[in-house]
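This report walks through selected parts of one protein chain.

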Amino acid sequence: MMDYIIRNARIIDGTGAPATYGDVEISGSKIAAVGKIGKDNASHEIDATGLTLAPGFWDPHTHLEYTVLLDQDLNGFVAQGVTTVITGHCGSSVFPKKRLRSSMPTLGKHLEGLDWQGLRQYADLVHSRGTPLNSSPLIGNGSLRSEVIGNQDRRATPEEMQHMLGLLEQGLREGALGMSSGLDYIPSLYSDTDELVEFAKLLAKYGAVYASHTRDCSPIYAYSYHAEEVLAPADERGLHLKGVLEVIDIGKRSGARVHVAHLHTSGIIGTEMAAIRQARRQGLDISVDSIAYNVSYSIRSDTLVRHIREHSADLIDRPLDEMKKRMRHPEFRDELSRRPQLRRFISPERAGTWELSRTGNPDWDGRTVGEIAADLGKTPVEFMFERLLDEEHPVGIVPPASKVKPVPVELIDDPLIFPCSDTLGTDPEEDPYCNRYSARGFVATVRYWEMARDYGVSEEEIVRHMTSLPARRFGIWDRGVIAVGQKADIILFSPDDYRGIADTHHPFEPAQGMHWVFVNGQPILEESGRTGRLPGEVLLKKPDGGG
Ligand SMILES: [Zn+2]
Ligand SMILES: [Zn+2]
(Lines give C-alpha, C1' and ligand atoms only; values in the text may rest on other atoms or scores of the structure.)
(Ligands and ions follow the chains in the order given, each with its own letter.)
Protein backbone atom coordinates (compact mmCIF):
# COMPACT_ATOMS: atom_id res chain seq x y z
CA MET A 1 0.00 0.00 0.00
CA MET A 2 1.31 3.43 -0.96
CA ASP A 3 2.17 5.77 1.90
CA TYR A 4 1.67 9.51 1.56
CA ILE A 5 3.21 12.66 2.95
CA ILE A 6 1.03 15.73 2.54
CA ARG A 7 3.18 18.85 2.87
CA ASN A 8 2.54 22.51 3.67
CA ALA A 9 -1.15 22.13 4.43
CA ARG A 10 -3.27 24.38 6.57
CA ILE A 11 -4.45 21.79 9.09
CA ILE A 12 -7.83 21.96 10.83
CA ASP A 13 -7.62 18.98 13.13
CA GLY A 14 -11.32 18.50 13.92
CA THR A 15 -11.06 19.30 17.66
CA GLY A 16 -11.97 22.96 17.23
CA ALA A 17 -8.35 24.06 17.86
CA PRO A 18 -7.01 26.89 15.68
CA ALA A 19 -5.63 25.83 12.30
CA THR A 20 -1.89 25.18 12.06
CA TYR A 21 0.47 24.76 9.10
CA GLY A 22 2.42 21.57 8.56
CA ASP A 23 2.68 18.09 7.11
CA VAL A 24 0.70 14.89 7.64
CA GLU A 25 2.04 11.40 6.97
CA ILE A 26 -0.24 8.51 6.14
CA SER A 27 1.08 5.02 6.64
CA GLY A 28 -1.23 2.17 5.71
CA SER A 29 -4.70 3.07 6.90
CA LYS A 30 -3.55 5.40 9.69
CA ILE A 31 -2.08 8.81 10.34
CA ALA A 32 1.58 8.19 11.18
CA ALA A 33 2.84 11.72 11.85
CA VAL A 34 1.63 15.32 12.04
CA GLY A 35 3.90 18.40 12.07
CA LYS A 36 7.22 18.95 10.33
CA ILE A 37 8.12 15.70 8.58
CA GLY A 38 11.55 14.95 7.10
CA LYS A 39 12.32 13.37 3.75
CA ASP A 40 11.05 9.85 3.13
CA ASN A 41 11.69 8.42 -0.31
CA ALA A 42 9.26 5.57 0.12
CA SER A 43 6.29 7.86 0.28
CA HIS A 44 4.24 9.62 -2.33
CA GLU A 45 4.39 13.36 -1.73
CA ILE A 46 1.53 15.79 -2.15
CA ASP A 47 2.21 19.52 -2.05
CA ALA A 48 -0.83 21.00 -0.33
CA THR A 49 0.27 24.63 -0.44
CA GLY A 50 -2.88 26.78 -0.42
CA LEU A 51 -5.13 23.88 0.60
CA THR A 52 -6.79 23.06 3.90
CA LEU A 53 -6.48 19.58 5.38
CA ALA A 54 -9.20 18.25 7.69
CA PRO A 55 -10.68 14.96 8.84
CA GLY A 56 -13.16 13.56 6.32
CA PHE A 57 -16.64 14.93 6.89
CA TRP A 58 -19.39 12.85 8.47
CA ASP A 59 -22.94 12.66 7.25
CA PRO A 60 -24.48 11.35 10.46
CA HIS A 61 -28.04 10.80 9.22
CA THR A 62 -28.53 8.87 5.99
CA HIS A 63 -30.42 5.92 4.58
CA LEU A 64 -27.49 4.59 2.55
CA GLU A 65 -27.57 1.12 4.15
CA TYR A 66 -28.56 -0.50 0.84
CA THR A 67 -26.97 2.04 -1.46
CA VAL A 68 -23.47 1.20 -0.17
CA LEU A 69 -24.10 -2.30 -1.49
CA LEU A 70 -25.26 -1.16 -4.90
CA ASP A 71 -23.61 2.09 -5.86
CA GLN A 72 -19.82 2.13 -5.81
CA ASP A 73 -19.76 5.66 -7.09
CA LEU A 74 -21.52 7.73 -4.40
CA ASN A 75 -20.16 10.75 -6.20
CA GLY A 76 -22.30 13.32 -4.43
CA PHE A 77 -20.79 12.41 -1.08
CA VAL A 78 -17.20 12.01 -2.24
CA ALA A 79 -17.20 15.38 -4.01
CA GLN A 80 -18.30 17.02 -0.77
CA GLY A 81 -15.53 15.31 1.20
CA VAL A 82 -17.85 12.98 3.11
CA THR A 83 -15.93 9.89 4.22
CA THR A 84 -18.32 8.36 6.77
CA VAL A 85 -22.08 8.09 6.89
CA ILE A 86 -24.38 6.77 9.59
CA THR A 87 -27.16 4.54 8.26
CA GLY A 88 -30.35 2.96 9.57
CA HIS A 89 -32.11 6.10 10.79
CA CYS A 90 -35.85 6.71 11.11
CA GLY A 91 -36.72 3.22 12.34
CA SER A 92 -35.57 1.11 9.41
CA SER A 93 -32.35 -0.89 9.22
CA VAL A 94 -30.60 -3.88 7.61
CA PHE A 95 -30.98 -5.92 10.79
CA PRO A 96 -32.87 -8.10 11.81
CA LYS A 97 -33.47 -8.60 8.11
CA LYS A 98 -33.55 -6.89 4.78
CA ARG A 99 -36.49 -4.55 4.91
CA LEU A 100 -36.87 -1.76 2.43
CA ARG A 101 -38.40 1.56 3.28
CA SER A 102 -41.47 2.42 1.29
CA SER A 103 -39.53 5.25 -0.32
CA MET A 104 -37.09 2.80 -1.92
CA PRO A 105 -39.43 0.42 -3.75
CA THR A 106 -37.29 -0.15 -6.82
CA LEU A 107 -34.19 -1.01 -4.82
CA GLY A 108 -35.68 -4.45 -4.21
CA LYS A 109 -34.75 -6.00 -7.51
CA HIS A 110 -31.17 -4.77 -7.23
CA LEU A 111 -30.86 -6.46 -3.88
CA GLU A 112 -32.08 -9.85 -5.05
CA GLY A 113 -29.65 -12.56 -4.11
CA LEU A 114 -27.90 -10.37 -1.56
CA ASP A 115 -28.59 -11.70 1.89
CA TRP A 116 -27.01 -11.64 5.29
CA GLN A 117 -27.55 -12.80 8.84
CA GLY A 118 -26.64 -10.09 11.27
CA LEU A 119 -24.50 -6.99 11.03
CA ARG A 120 -21.14 -8.72 10.74
CA GLN A 121 -22.26 -10.63 7.66
CA TYR A 122 -23.75 -7.45 6.26
CA ALA A 123 -20.39 -5.72 6.85
CA ASP A 124 -18.56 -8.59 5.13
CA LEU A 125 -20.87 -8.32 2.15
CA VAL A 126 -20.31 -4.56 1.84
CA HIS A 127 -16.54 -5.13 2.04
CA SER A 128 -16.56 -7.88 -0.54
CA ARG A 129 -18.51 -5.77 -3.02
CA GLY A 130 -16.46 -2.65 -2.26
CA THR A 131 -17.56 0.87 -1.41
CA PRO A 132 -15.72 4.19 -1.31
CA LEU A 133 -17.27 5.35 2.00
CA ASN A 134 -17.29 4.18 5.56
CA SER A 135 -20.75 3.57 6.93
CA SER A 136 -21.94 2.72 10.39
CA PRO A 137 -25.37 1.28 11.19
CA LEU A 138 -28.13 1.93 13.67
CA ILE A 139 -30.89 -0.60 14.28
CA GLY A 140 -34.43 0.58 13.63
CA ASN A 141 -37.21 -0.17 16.10
CA GLY A 142 -39.47 -0.50 13.04
CA SER A 143 -37.28 -3.33 11.78
CA LEU A 144 -37.42 -5.03 15.19
CA ARG A 145 -41.20 -4.71 15.26
CA SER A 146 -41.54 -5.84 11.69
CA GLU A 147 -39.58 -9.02 12.49
CA VAL A 148 -41.47 -9.89 15.68
CA ILE A 149 -44.95 -8.33 15.42
CA GLY A 150 -45.31 -7.41 11.77
CA ASN A 151 -47.35 -4.34 10.97
CA GLN A 152 -49.87 -4.77 13.75
CA ASP A 153 -51.04 -1.67 15.56
CA ARG A 154 -50.85 -2.82 19.14
CA ARG A 155 -48.59 -3.05 22.13
CA ALA A 156 -45.98 -5.79 22.22
CA THR A 157 -46.74 -8.67 24.58
CA PRO A 158 -44.07 -9.29 27.26
CA GLU A 159 -42.76 -12.23 25.19
CA GLU A 160 -42.58 -10.14 22.04
CA MET A 161 -40.80 -7.39 23.96
CA GLN A 162 -38.21 -9.87 25.21
CA HIS A 163 -37.75 -11.15 21.67
CA MET A 164 -37.22 -7.63 20.31
CA LEU A 165 -34.85 -6.72 23.14
CA GLY A 166 -32.89 -9.91 22.41
CA LEU A 167 -32.53 -8.91 18.77
CA LEU A 168 -31.52 -5.38 19.68
CA GLU A 169 -28.90 -6.74 22.07
CA GLN A 170 -27.57 -9.03 19.36
CA GLY A 171 -27.24 -6.02 17.05
CA LEU A 172 -25.51 -3.95 19.74
CA ARG A 173 -23.09 -6.79 20.46
CA GLU A 174 -22.28 -6.92 16.77
CA GLY A 175 -21.49 -3.21 16.79
CA ALA A 176 -24.61 -1.15 16.02
CA LEU A 177 -24.23 2.47 17.12
CA GLY A 178 -27.68 2.53 18.67
CA MET A 179 -31.35 2.34 17.80
CA SER A 180 -33.40 4.65 15.62
CA SER A 181 -37.13 5.14 15.58
CA GLY A 182 -39.35 6.53 12.84
CA LEU A 183 -42.49 7.44 14.76
CA ASP A 184 -44.38 8.59 11.68
CA TYR A 185 -43.81 5.31 9.86
CA ILE A 186 -45.45 1.92 10.04
CA PRO A 187 -44.67 -0.13 12.08
CA SER A 188 -42.21 1.98 14.07
CA LEU A 189 -44.97 4.35 15.17
CA TYR A 190 -46.80 1.55 16.98
CA SER A 191 -44.11 1.60 19.68
CA ASP A 192 -45.50 3.67 22.53
CA THR A 193 -43.33 5.67 24.92
CA ASP A 194 -43.09 2.85 27.49
CA GLU A 195 -41.89 0.40 24.86
CA LEU A 196 -39.29 2.88 23.62
CA VAL A 197 -38.09 3.40 27.20
CA GLU A 198 -37.53 -0.38 27.47
CA PHE A 199 -35.39 -0.30 24.33
CA ALA A 200 -33.55 2.80 25.52
CA LYS A 201 -32.66 1.19 28.87
CA LEU A 202 -30.84 -1.51 26.94
CA LEU A 203 -29.14 1.16 24.82
CA ALA A 204 -27.98 2.91 27.99
CA LYS A 205 -26.39 -0.34 29.17
CA TYR A 206 -24.36 -0.47 25.95
CA GLY A 207 -23.46 3.21 25.85
CA ALA A 208 -25.50 3.42 22.62
CA VAL A 209 -27.65 6.25 21.28
CA TYR A 210 -31.41 6.46 20.85
CA ALA A 211 -31.96 8.49 17.66
CA SER A 212 -35.54 9.42 16.94
CA HIS A 213 -37.53 10.67 13.99
CA THR A 214 -40.05 12.11 16.43
CA ARG A 215 -43.80 11.59 16.34
CA ASP A 216 -45.66 14.05 14.11
CA CYS A 217 -42.34 15.29 12.88
CA SER A 218 -43.90 17.18 10.02
CA PRO A 219 -47.39 18.65 9.59
CA ILE A 220 -47.90 16.22 6.70
CA TYR A 221 -47.89 13.35 9.16
CA ALA A 222 -49.75 15.26 11.81
CA TYR A 223 -52.64 15.81 9.42
CA SER A 224 -52.83 12.17 8.69
CA TYR A 225 -52.32 10.69 12.11
CA HIS A 226 -54.65 12.98 13.97
CA ALA A 227 -57.23 12.70 11.28
CA GLU A 228 -60.21 13.02 13.58
CA GLU A 229 -59.21 16.57 14.29
CA VAL A 230 -58.68 19.28 11.76
CA LEU A 231 -55.57 20.97 12.99
CA ALA A 232 -54.80 24.64 13.10
CA PRO A 233 -51.16 25.56 12.33
CA ALA A 234 -50.48 26.25 16.01
CA ASP A 235 -51.55 22.70 16.83
CA GLU A 236 -49.20 21.30 14.22
CA ARG A 237 -46.38 23.05 16.02
CA GLY A 238 -47.66 21.76 19.33
CA LEU A 239 -47.57 18.20 18.01
CA HIS A 240 -44.00 18.58 16.82
CA LEU A 241 -42.97 19.86 20.24
CA LYS A 242 -44.77 16.91 21.84
CA GLY A 243 -42.66 14.57 19.72
CA VAL A 244 -39.47 16.24 20.94
CA LEU A 245 -40.71 16.11 24.55
CA GLU A 246 -41.26 12.37 24.14
CA VAL A 247 -37.57 11.92 23.23
CA ILE A 248 -36.58 13.96 26.28
CA ASP A 249 -38.86 11.84 28.45
CA ILE A 250 -37.36 8.63 27.04
CA GLY A 251 -33.85 9.94 27.70
CA LYS A 252 -34.67 10.88 31.28
CA ARG A 253 -36.43 7.63 32.09
CA SER A 254 -33.86 5.34 30.48
CA GLY A 255 -30.53 7.06 31.11
CA ALA A 256 -29.66 6.69 27.41
CA ARG A 257 -28.06 9.39 25.31
CA VAL A 258 -30.72 10.64 22.92
CA HIS A 259 -30.71 12.30 19.55
CA VAL A 260 -33.43 14.18 17.67
CA ALA A 261 -33.37 13.55 13.93
CA HIS A 262 -33.87 16.25 11.26
CA LEU A 263 -35.11 18.77 13.78
CA HIS A 264 -35.96 21.71 11.61
CA THR A 265 -38.10 19.76 9.16
CA SER A 266 -41.11 21.64 10.47
CA GLY A 267 -39.36 24.95 9.92
CA ILE A 268 -40.29 26.20 13.37
CA ILE A 269 -37.99 25.14 16.11
CA GLY A 270 -37.73 27.87 18.77
CA THR A 271 -39.81 26.05 21.40
CA GLU A 272 -38.23 22.70 20.55
CA MET A 273 -34.74 24.11 21.03
CA ALA A 274 -35.79 25.74 24.31
CA ALA A 275 -37.06 22.36 25.55
CA ILE A 276 -33.85 20.64 24.45
CA ARG A 277 -31.67 23.22 26.19
CA GLN A 278 -33.70 23.01 29.36
CA ALA A 279 -33.36 19.22 29.34
CA ARG A 280 -29.60 19.61 28.94
CA ARG A 281 -29.46 21.91 31.93
CA GLN A 282 -31.21 19.15 33.85
CA GLY A 283 -28.43 16.76 32.82
CA LEU A 284 -29.85 15.04 29.75
CA ASP A 285 -27.36 14.20 27.01
CA ILE A 286 -29.26 15.19 23.86
CA SER A 287 -28.03 16.03 20.36
CA VAL A 288 -29.70 17.06 17.15
CA ASP A 289 -29.21 16.67 13.43
CA SER A 290 -30.51 18.98 10.77
CA ILE A 291 -30.78 18.74 7.00
CA ALA A 292 -28.85 21.65 5.58
CA TYR A 293 -30.62 21.38 2.24
CA ASN A 294 -34.11 20.53 3.27
CA VAL A 295 -35.90 19.34 0.18
CA SER A 296 -38.52 17.07 1.60
CA TYR A 297 -40.07 14.07 0.01
CA SER A 298 -43.42 13.95 1.58
CA ILE A 299 -46.20 11.81 0.23
CA ARG A 300 -45.66 8.18 0.91
CA SER A 301 -47.60 5.03 1.12
CA ASP A 302 -47.51 5.25 4.93
CA THR A 303 -49.72 8.31 4.75
CA LEU A 304 -52.14 6.54 2.48
CA VAL A 305 -52.17 3.47 4.69
CA ARG A 306 -53.01 5.53 7.71
CA HIS A 307 -55.98 7.10 6.01
CA ILE A 308 -57.27 3.72 4.94
CA ARG A 309 -56.82 2.31 8.41
CA GLU A 310 -58.55 5.20 10.05
CA HIS A 311 -61.38 4.74 7.62
CA SER A 312 -61.73 0.95 7.74
CA ALA A 313 -60.92 -0.72 11.00
CA ASP A 314 -61.11 -4.22 9.50
CA LEU A 315 -57.97 -3.49 7.49
CA ILE A 316 -55.85 -2.72 10.51
CA ASP A 317 -53.94 -5.98 10.61
CA ARG A 318 -54.03 -6.69 6.91
CA PRO A 319 -50.97 -6.56 4.68
CA LEU A 320 -50.39 -3.54 2.51
CA ASP A 321 -51.31 -5.39 -0.68
CA GLU A 322 -54.75 -6.14 0.64
CA MET A 323 -55.37 -2.49 1.42
CA LYS A 324 -54.20 -1.46 -1.97
CA LYS A 325 -56.50 -4.04 -3.52
CA ARG A 326 -59.41 -2.37 -1.80
CA MET A 327 -58.15 1.00 -2.90
CA ARG A 328 -58.57 -0.14 -6.47
CA HIS A 329 -62.37 -0.13 -6.03
CA PRO A 330 -63.71 3.27 -7.12
CA GLU A 331 -66.52 3.20 -4.53
CA PHE A 332 -64.01 2.74 -1.74
CA ARG A 333 -61.87 5.56 -3.04
CA ASP A 334 -64.94 7.79 -3.30
CA GLU A 335 -65.88 7.06 0.28
CA LEU A 336 -62.34 7.69 1.43
CA SER A 337 -62.01 10.92 -0.48
CA ARG A 338 -65.08 12.34 1.25
CA ARG A 339 -63.25 12.31 4.57
CA PRO A 340 -62.74 15.97 5.52
CA GLN A 341 -59.33 15.14 6.99
CA LEU A 342 -58.12 13.75 3.71
CA ARG A 343 -59.55 16.61 1.72
CA ARG A 344 -57.70 18.99 3.91
CA PHE A 345 -54.53 16.92 3.75
CA ILE A 346 -54.60 17.06 -0.05
CA SER A 347 -56.19 20.50 -0.28
CA PRO A 348 -56.09 22.50 -3.53
CA GLU A 349 -53.77 25.05 -1.85
CA ARG A 350 -51.30 22.36 -0.86
CA ALA A 351 -51.64 20.55 -4.17
CA GLY A 352 -50.67 23.79 -5.87
CA THR A 353 -47.31 23.79 -4.08
CA TRP A 354 -46.47 20.08 -4.36
CA GLU A 355 -44.06 19.66 -7.21
CA LEU A 356 -43.77 16.17 -8.64
CA SER A 357 -40.69 14.13 -9.32
CA ARG A 358 -40.00 10.53 -10.35
CA THR A 359 -43.44 10.03 -11.86
CA GLY A 360 -42.20 8.06 -14.85
CA ASN A 361 -43.79 10.74 -17.01
CA PRO A 362 -41.35 13.44 -18.10
CA ASP A 363 -44.23 15.84 -18.82
CA TRP A 364 -45.24 15.74 -15.18
CA ASP A 365 -41.89 16.06 -13.45
CA GLY A 366 -41.37 19.57 -12.15
CA ARG A 367 -45.07 20.53 -12.33
CA THR A 368 -47.44 20.64 -9.38
CA VAL A 369 -50.10 18.13 -8.38
CA GLY A 370 -52.69 20.89 -8.74
CA GLU A 371 -51.68 21.71 -12.33
CA ILE A 372 -51.56 18.16 -13.59
CA ALA A 373 -54.79 17.13 -11.88
CA ALA A 374 -56.52 20.13 -13.48
CA ASP A 375 -55.11 19.17 -16.91
CA LEU A 376 -56.50 15.68 -16.49
CA GLY A 377 -59.86 16.90 -15.23
CA LYS A 378 -59.36 15.21 -11.87
CA THR A 379 -59.38 16.46 -8.32
CA PRO A 380 -55.99 16.50 -6.58
CA VAL A 381 -57.28 13.75 -4.28
CA GLU A 382 -58.17 11.46 -7.21
CA PHE A 383 -54.86 12.14 -8.85
CA MET A 384 -52.91 11.38 -5.67
CA PHE A 385 -54.76 8.09 -5.18
CA GLU A 386 -53.75 6.99 -8.64
CA ARG A 387 -50.16 8.01 -8.13
CA LEU A 388 -49.92 6.32 -4.77
CA LEU A 389 -51.25 3.07 -6.17
CA ASP A 390 -48.73 3.05 -9.00
CA GLU A 391 -46.15 0.50 -7.86
CA GLU A 392 -43.70 1.32 -10.65
CA HIS A 393 -43.58 5.04 -10.01
CA PRO A 394 -44.71 5.88 -6.51
CA VAL A 395 -44.85 9.58 -6.63
CA GLY A 396 -42.27 11.84 -5.07
CA ILE A 397 -43.02 15.41 -4.17
CA VAL A 398 -40.47 18.13 -3.63
CA PRO A 399 -40.88 21.82 -2.98
CA PRO A 400 -39.56 24.15 -5.68
CA ALA A 401 -35.87 24.99 -5.32
CA SER A 402 -36.78 28.52 -4.28
CA LYS A 403 -38.66 27.21 -1.25
CA VAL A 404 -35.73 25.31 0.26
CA LYS A 405 -35.31 26.70 3.73
CA PRO A 406 -31.92 27.43 5.26
CA VAL A 407 -30.96 25.97 8.60
CA PRO A 408 -32.04 28.48 11.27
CA VAL A 409 -29.22 30.25 13.04
CA GLU A 410 -30.28 28.97 16.48
CA LEU A 411 -29.62 25.45 15.21
CA ILE A 412 -26.22 26.27 13.71
CA ASP A 413 -25.31 27.74 17.10
CA ASP A 414 -26.26 24.62 19.02
CA PRO A 415 -23.30 22.88 20.67
CA LEU A 416 -24.57 19.44 19.67
CA ILE A 417 -25.87 19.95 16.15
CA PHE A 418 -24.68 17.78 13.27
CA PRO A 419 -25.49 18.64 9.67
CA CYS A 420 -26.80 15.74 7.62
CA SER A 421 -28.43 14.88 4.29
CA ASP A 422 -31.00 12.26 5.42
CA THR A 423 -30.87 10.83 1.92
CA LEU A 424 -30.94 7.47 0.20
CA GLY A 425 -28.05 8.23 -2.13
CA THR A 426 -28.44 7.54 -5.79
CA ASP A 427 -26.75 6.49 -8.95
CA PRO A 428 -27.51 9.24 -11.45
CA GLU A 429 -26.30 7.07 -14.37
CA GLU A 430 -28.66 4.25 -13.74
CA ASP A 431 -31.39 6.25 -12.07
CA PRO A 432 -33.81 3.49 -11.13
CA TYR A 433 -34.77 4.87 -7.78
CA CYS A 434 -33.55 8.39 -7.60
CA ASN A 435 -35.51 11.59 -7.66
CA ARG A 436 -34.84 15.21 -7.14
CA TYR A 437 -34.68 14.94 -3.42
CA SER A 438 -31.40 13.22 -4.13
CA ALA A 439 -29.94 16.70 -4.44
CA ARG A 440 -29.48 16.47 -0.69
CA GLY A 441 -26.84 13.80 -1.18
CA PHE A 442 -24.93 16.15 -3.48
CA VAL A 443 -25.23 19.39 -1.60
CA ALA A 444 -26.37 19.14 2.06
CA THR A 445 -22.88 18.95 3.58
CA VAL A 446 -21.43 21.80 1.53
CA ARG A 447 -24.56 23.93 2.12
CA TYR A 448 -24.03 23.65 5.86
CA TRP A 449 -20.44 24.78 5.40
CA GLU A 450 -21.59 27.76 3.34
CA MET A 451 -24.40 28.74 5.72
CA ALA A 452 -22.35 28.39 8.90
CA ARG A 453 -19.54 30.45 7.37
CA ASP A 454 -22.06 33.11 6.39
CA TYR A 455 -23.33 33.15 9.97
CA GLY A 456 -19.75 33.85 11.09
CA VAL A 457 -18.91 30.46 12.63
CA SER A 458 -15.16 29.71 12.43
CA GLU A 459 -13.99 27.05 10.00
CA GLU A 460 -12.43 25.16 12.90
CA GLU A 461 -15.79 25.00 14.66
CA ILE A 462 -17.67 24.01 11.52
CA VAL A 463 -15.21 21.19 10.88
CA ARG A 464 -15.57 19.98 14.48
CA HIS A 465 -19.33 19.72 14.05
CA MET A 466 -18.80 17.68 10.88
CA THR A 467 -16.08 15.35 12.21
CA SER A 468 -15.07 14.62 15.79
CA LEU A 469 -18.39 15.66 17.31
CA PRO A 470 -20.63 13.15 15.48
CA ALA A 471 -17.89 10.48 15.66
CA ARG A 472 -17.57 10.72 19.45
CA ARG A 473 -21.28 11.16 19.92
CA PHE A 474 -22.01 7.85 18.24
CA GLY A 475 -19.09 6.08 19.92
CA ILE A 476 -16.44 5.94 17.17
CA TRP A 477 -13.12 6.98 18.70
CA ASP A 478 -10.49 6.22 16.09
CA ARG A 479 -11.70 8.72 13.48
CA GLY A 480 -12.72 12.33 13.22
CA VAL A 481 -9.47 13.99 14.33
CA ILE A 482 -6.13 14.62 12.60
CA ALA A 483 -3.79 12.99 15.11
CA VAL A 484 -1.23 10.20 15.15
CA GLY A 485 -2.91 6.80 15.34
CA GLN A 486 -6.27 7.95 13.99
CA LYS A 487 -7.59 6.30 10.85
CA ALA A 488 -6.57 8.29 7.79
CA ASP A 489 -9.91 9.64 6.61
CA ILE A 490 -8.59 12.96 5.33
CA ILE A 491 -9.71 15.68 2.96
CA LEU A 492 -7.71 18.39 1.21
CA PHE A 493 -9.82 21.25 -0.06
CA SER A 494 -9.96 24.88 -0.89
CA PRO A 495 -12.39 26.49 1.58
CA ASP A 496 -13.08 29.54 -0.56
CA ASP A 497 -13.90 27.43 -3.63
CA TYR A 498 -15.82 24.75 -1.75
CA ARG A 499 -19.38 25.19 -2.91
CA GLY A 500 -22.49 23.28 -3.88
CA ILE A 501 -24.00 23.34 -7.34
CA ALA A 502 -26.87 20.84 -7.12
CA ASP A 503 -30.47 21.89 -6.57
CA THR A 504 -33.81 20.20 -7.09
CA HIS A 505 -33.65 20.81 -10.82
CA HIS A 506 -29.99 19.78 -11.21
CA PRO A 507 -29.74 17.16 -8.49
CA PHE A 508 -26.58 15.38 -9.61
CA GLU A 509 -24.06 18.19 -9.86
CA PRO A 510 -21.06 17.36 -7.67
CA ALA A 511 -19.76 19.99 -5.26
CA GLN A 512 -16.65 21.94 -6.20
CA GLY A 513 -13.48 22.74 -4.33
CA MET A 514 -12.55 19.30 -3.00
CA HIS A 515 -9.07 18.20 -4.17
CA TRP A 516 -8.18 15.00 -2.35
CA VAL A 517 -10.25 12.62 -0.24
CA PHE A 518 -8.62 9.73 1.61
CA VAL A 519 -10.57 6.90 3.21
CA ASN A 520 -8.62 4.48 5.38
CA GLY A 521 -5.40 5.86 3.94
CA GLN A 522 -6.33 5.42 0.29
CA PRO A 523 -7.29 8.26 -2.05
CA ILE A 524 -10.79 7.98 -3.46
CA LEU A 525 -10.48 11.49 -4.92
CA GLU A 526 -7.11 12.54 -6.37
CA GLU A 527 -6.61 16.05 -7.74
CA SER A 528 -10.40 16.32 -7.95
CA GLY A 529 -10.74 13.11 -10.03
CA ARG A 530 -12.07 9.76 -8.84
CA THR A 531 -9.52 6.97 -8.42
CA GLY A 532 -11.85 3.98 -8.53
CA ARG A 533 -10.58 2.74 -5.18
CA LEU A 534 -13.12 1.28 -2.76
CA PRO A 535 -11.50 1.33 0.69
CA GLY A 536 -14.69 2.03 2.70
CA GLU A 537 -15.54 -0.10 5.71
CA VAL A 538 -18.64 -0.77 7.75
CA LEU A 539 -17.69 0.64 11.13
CA LEU A 540 -18.96 -1.53 13.95
CA LYS A 541 -18.65 -0.07 17.41
CA LYS A 542 -17.22 -1.98 20.32
CA PRO A 543 -20.23 -2.53 22.57
CA ASP A 544 -18.57 -1.05 25.67
CA GLY A 545 -18.56 2.31 23.90
CA GLY A 546 -14.80 2.43 24.10
CA GLY A 547 -13.69 1.97 20.55
ZN1 LIG B 1 -37.02 10.68 9.41
ZN1 LIG C 1 -34.11 9.83 8.01
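## Strands β10 and β11

In β11, S212 is the bridge partner of S181. The model that shows this pairing is a predicted one. Five bridges in the parallel sense link β10 to strand β11, which covers residues 209-213.

Strand β10 spans residues 178-182 and is mostly covered, with five of its five residues buried. Strand β10 is also joined by two bridges to strand β9 (residues 139-140), and the two run parallel. At this pairing, G140 of the chain stands opposite S180 in β10.

## The residue S191

The loop between β10 and α7 contains S191. Is S191 buried or exposed? S191 is buried, because 25 other C-beta atoms lie within 10 Å, and the cut-off for a buried residue is 20 or more.

Leaving aside neighbours within four places in sequence, S191 has contacts with N141, R145, S181 and L196. One of these, S181, is the residue whose bridge partner in β11 is S212. S191 and D153 are 38 residues apart along the chain, and their C-alpha atoms are separated by 8.7 Å.

## A sheet of three strands

Strands β6, β7 and β8 form an open sheet in the order β6-β7-β8, and the pairing is parallel. The edge strands are β6 (57-59) and β8 (134-137), each of which pairs on one side only. On average, neighbouring strands of this sheet are turned by 20° against each other, with direction ignored.

Four bridges in the parallel sense connect β8 with strand β7, which covers residues 82-87. Within this pairing, V85 has S135 in β8 as its bridge partner. Strands of a sheet pair through backbone hydrogen bonds, in either a parallel or an antiparallel way.

## Helices α16 and α17

Two packed helices are described by the angle between their axes and by the distance between those axes. Helix α16 (residues 369-376) packs with helix α17 (residues 380-389) at an angle of about 100°, and their axes are 9 Å apart. The angle therefore makes α16 roughly perpendicular to α17, as angles of 65 to 115 degrees are counted that way.

Which residues meet where these helices pack? From α16 they are V369, G370, I372, A373 and L376, and from α17 they are P380, F383 and M384. By class, the contact of α16 with α17 has seven nonpolar residues, one polar residue and no charged residues.

## The residue I524

I524 belongs to strand β19, which covers residues 522-526. I524 counts as buried because it has 25 C-beta neighbours inside 10 Å.

Apart from its neighbours within four places in sequence, I524 is in contact with V78, P132, V517, V519, R530, T531, R533 and P535. I524 and L133 are 391 residues apart in sequence, but their C-alpha atoms are 8.9 Å apart in space.

## The chain as a whole

The protein chain has 21 helices and 20 strands. Of its 547 residues, 53% are buried.

How many of the contacts between residues at least 6 apart in sequence join residues at least 24 apart? The share in the protein chain is 76%.

How values were computed. Residues numbered from 1 in each chain as written. Chains lettered and ligands numbered in written order. Predicted model: local features only at pLDDT ≥ 70, side-chain atom pairs only at ≥ 80, totals over all residues. Pairing = 2+ DSSP bridges. Axes fitted to C-alpha atoms, helices over the stretch in contact; angles between N-to-C directions. Buried ≥ 20, exposed ≤ 12 C-beta atoms within 10 Å, placed from the backbone. Contact = placed C-beta atoms within 7 Å. Parallel < 35°, antiparallel > 145°, perpendicular 65-115°, else oblique. Nonpolar A, V, L, I, M, F, W, Y, C, P; charged D, E, K, R; others polar.
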